[in-house]
Amino acid sequence: MAASLILLAGALVIGSAIGSPSAGSATGSPSTGSPSAWHDEKFQNLISQVSEWCYDKLSKDSECCMDEQMAPGIIMEKVDREGTNWTCDDEVCYDKKKGARGTDALYYPKGADVYSPRLLYVHGGSWYYGSPFTTGYPQLLSRLAHLTGFVIMAIDYPLAPVGKAWQIVDHTLAALNWLAANGPVGSSNDPVHGPPLFIGGDSSGGGSAMATLLTLQKHPDLLVGGSKKLAGGFFYSPWTNLKCNTPEYYSHAYAKVVNPFLKDLGEAHVGDLMFNGHPSENAEAFQGNALEYVGHNKSLLMDPIFSPFYATEELLRGAPPMYFAVGGSESIEGDSTILAQKAAMMNVPVYLDIYDGMWHVFPMYTEGCQNPEGNALWTAVSAQRRTAHFLKSIASDGVPPCPPLWGRPATWLHYSEAGKGQGENLEWFPSNLCGEPIVDKGQDTHWTRGYPTQQALAVSMFGSEPSGGFSLAFMIGACTTVSLLGYGLHVAQVRRLRATLRKYREAHALLSIG
């Protein structure tokens, strides 16, 4: 194995698509905006200012605006495994990263070791685009490593049409077996008794990650000879239905709403910003993409493994816990919601987060589309935080947090607080995965020019400080300060907490269907 280490620091600008090239997205340079435009929002009493900024930019250029900054203190290690090389050339590969391919990446915080939990990540990009080092994945994976303390491995699998569905799954299985026995900085362990092993992915990569999970359900011997099981899986906007026929292709179609006689009211953008063609055009383009993924074998569009939307009861029964985060405006929202419900019916612990108004793979936009004031997109920060809650709970306790009732997913609908535009950018009735209200709602928007302060991350509701975080002296000082302040604020705080709890309980009956 050849490896190199890089400490991620500063900003790396990445700009590339994660969607289908024929999905009808707009072209041209992204709108940079200006402070004056930032303060000229038209819908501040209905949606957050950050959301409105992102809608405007993405409607002009759906390839813009993914996160640019890495998490602090995260190490990137390049990994070359035997037998993973492939070539991306102009004749058979659409991605911009040409030439020799197949090098993987490990992302982990300083202090991670052979005992740290491990996660294999399968990147999205319609199976046509992307790598562990481009299209926003260093930013996303460094942040998840920072939040969890995990060692995260991103694989450079052969993109379509070089790689077909079964080859990508085989590539992922080989990587899982390698990761079960290998940690950071060349460390190794007995794969049977190593740390917990997870899988994750987004978009098309989320579909392949789920296909890999289902393959192991059918053939458990393919992971460490059947002596190890996946501890869990998480999926951001996964593409799981290769038939591309869920009703959201129609009901979530993009539209620009404007009254030519009342232009001062502004333009509203509703529906799927990322794939903004006609519903029939989008569905046809998606299915054509899927056909190339399965080698033009139409029968595989409903295969219970390669098209996980059609997974059978036998495949789902006994599967590891799952977490889904999906945008409420996506054309493929049903790929998450219906599969989550099917898995839950087989008594799989499933968490399903649906974020109102959000677009495809929105967790990759925590920086708020580079808005002038550097405010976060709270929905993206929330999804990453809840992912970390899910992963860390299983890694530490062996079970997911507050396991859902059997037979149905723990489903949460997330909304921006009405009338809280103007950059405040808050969630309405925020909670963690256990349904416990988050009193400090500012933690999802407590940012320093694009990256959340370590203090905000450390006091998040779901767990302890990240690996490589604060010194003992810092924590003692912080605890001392809190103790001195706490006595004087105690009575007022208790009253606020009681009021928040009352509001939460009322909202819980309306918003939680899990």
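A disulfide is a pair of cysteine sulfur atoms within 2.5 Å. The structure discussed here is a predicted model.

User: How many disulfides does a search of the whole structure find?
Analyst: The bonded cysteines, counted along the protein chain, pair in the pattern 1-6, 2-3, 4-5, 7-8. A search of the whole structure gives a total of 4 disulfides.

User: Is the disulfide of C54 and C369 right-handed or left-handed?
Analyst: The sulfur atoms of C54 and C369 are 2.2 Å apart, and a disulfide requires them to be within 2.5 Å. The torsion about their S-S bond is about 115°, so this disulfide is right-handed.

User: How many residues apart in sequence are the parts that C54 and C369 tie together?
Analyst: C54 and C369 form a disulfide. C54 belongs to helix α2 (residues 49-60), while C369 sits in the loop between β13 (350-355) and α10 (378-397). The pair therefore ties together parts whose separation in sequence is 315 residues.

User: What is the handedness of the link of C64 and C65?
Analyst: C64 and C65 form a disulfide with their sulfur atoms 2.0 Å apart. Both C64 and C65 are buried. The angle about the S-S bond is -70°, and the link of C64 and C65 is left-handed.

User: Which loop holds C434, the partner of C402?
Analyst: A disulfide joins C402 to C434, with an S to S distance of 2.0 Å. With 100° about the S-S bond, this link is right-handed. The pair links distant parts of the chain, 32 residues apart, with C402 in the loop between α10 and β14 (410-414). C434 is in the loop between β14 and β15 (447-448).

User: What is the relative accessible area of C434?
Analyst: Partly exposed residues fall between the buried limit of under 20% and the exposed limit of over 50%. C402 is partly exposed, with a relative accessible area of 42%. C434 is also partly exposed, and its relative accessible area is 26%.

User: Is C244 buried or exposed?
Analyst: A residue counts as buried under 20% relative accessible area. The relative accessible area of C244 is 5%, so C244 is buried.

Technical notes:
Residues are numbered from 1 along each chain as its sequence is written. This is a predicted model: local features need pLDDT of at least 70, side-chain atom pairs count only at pLDDT 80 or more; totals for chains, interfaces and linings use all residues. Side-chain values use heavy atoms; hydrogens and water are left out. Helices (H or I, at least four residues) and strands (E, at least two) are DSSP runs, numbered from the N terminus. Buried means under 20% relative accessible area, exposed over 50%, partly exposed in between (1.4 Å probe, protein chains only).
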